[in-house]
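Hi,

Here is the structure I promised to pass on.

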Amino acid sequence: MSLALDRGLSLLEHLAAHPGGLALAQMASDLDIPLSACHRLLDDLQRRGYVRQLRAQGDYMLTTKLVSMGLGYLSTAGIVDIAEPLLERLAQSSGELVRLSIVDDDRLTWIAKAQGMRQGLRYDPDMGMDARLSCTASGHAWLLTLSDERALDLVTRQGFGLPADYGPKAPTTVKALLGYLHAARVRGYAMIDEVFAPGMSAMAAPVMRRGEAIGVLSIAGPRIRLTSERMHALASSLLAAAAELGPISNGSSLFGRPPLGKG
């Protein structure tokens, strides 16, 4: 990858994590890019419509062009049409947030959701984020399908993250993480409580095709509603939806392609 391309993509990813915008000097410092080179790249991105400047000499922020491209891609890939009825049905029966994520090489990305709770307290993270593998139910559900060695390799590459950014029970050591994964393998689905975020709980099951996880279905909500007992009660519905999605995923080019790096 060329240096300019690598830096340009780094700028887009960094701005995606700061929706309020960032100053030129801050981005150059954060990403260790010379100020002049950073300015040239931002000018190029602004000319192509990916970035805008809030005012003259002001902060830079992403436009909606990337979002539009992503949504267009998901629409033409067919995954939304295939998964939507399943997600809506599970959201209605659980009353909570249901999300679908896909496995793409070494990443697990949330791409679709259905919200069961229309009023009151809602849990609604943004789509398009990569799941933190060490401390999300979705991450654990994918990792439970892999060997301990492969799972730890993926987590090591991504990192455990900063404890202050997640829930009070988020694993920060290999031993703690393996405890979650081994328990999830016994159940057949992942289950967490105040691991990803304080006051929140979640459960997730892998979507399998030909013996390989191609995605994950999850249910998440406030722990006052989504108790351990409630999650166990919802397990059969979650597992049935994941099992139903696996065979019909061939209808989407997003699921139909082989995993990156494999034949």
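Before the details, one term: a residue is buried at under 20% relative accessible area, exposed at over 50% and partly exposed in between, using a 1.4 Å probe and protein chains only. Keep in mind that this is a predicted model, where local features need pLDDT of at least 70 and side-chain atom pairs count only at pLDDT 80 or more, while totals for chains, interfaces and linings use all residues. Numbering runs from 1 along each chain as its sequence is written, and side-chain values use heavy atoms, with hydrogens and water left out.

Helices first. Helices (H or I, at least four residues) and strands (E, at least two) are DSSP runs, numbered from the N terminus. H1 covers residues 3-16, and its 14 residues reach 20 Å from first C-alpha to last, close to the 20 Å expected at 1.5 Å a residue. That expected span is 1.5 Å times one less than the number of residues. Buried in H1 are Arg7, Gly8, Leu11, Leu12, His14 and Leu15. Seen down the axis, these buried residues fall within an arc of 165 degrees, so they line one face of H1. The arc is taken from the directions from the helix axis to the C-beta atoms. Glu13 and Ala16 are exposed on the other side of H1.

Now the aromatics. Rings of Phe, Tyr and Trp (its six-membered ring) pair if their centres lie within 6.5 Å, with planes under 30 degrees apart counted as stacked, over 60 as edge-to-face and the rest as tilted. That gives two aromatic pairs. In one, the ring centres of Trp110 and Phe196 are 6.3 Å apart with planes at 70 degrees, so the pair is edge-to-face. It links distant parts of the chain, 86 residues apart: Trp110 sits in strand S4 (residues 107-115), and Phe196 in the loop between strand S5 (190-193) and strand S6 (200-209). Both Trp110 and Phe196 are buried. Tyr166 and Phe196 have ring centres 5.8 Å apart and planes at 40 degrees, so that pair is tilted. Here the partners are 30 residues apart, with Tyr166 in the loop between helix H7 (148-158) and helix H8 (174-187). Tyr166 is buried too, at a relative accessible area of 15%. Trp110, Tyr166 and Phe196 form one aromatic cluster.

Tyr166 turns up again in the lining of the second largest cavity, along with Phe160, Gly161, Leu162, Pro163, Ala170, Pro171 and Thr172.

Asp32 has phi near 55 degrees, a positive value in a residue other than glycine. Asp32 lies in the loop between helix H2 (24-31) and helix H3 (35-47), and is exposed at 69% relative accessible area. Asp105, not a glycine either, has a positive phi of about 60 degrees. Asp105 is in the loop between strand S3 (97-104) and S4, and counts as partly exposed at 39%.

Cheers

Note on methods
On a 1 Å grid over the protein atoms alone, a cavity is a set of points where a 1.4 Å probe fits but cannot get out, and a pocket is an open set with protein on both sides within 12 Å along at least five of seven lines; lining residues have an atom within 4 Å of a point.
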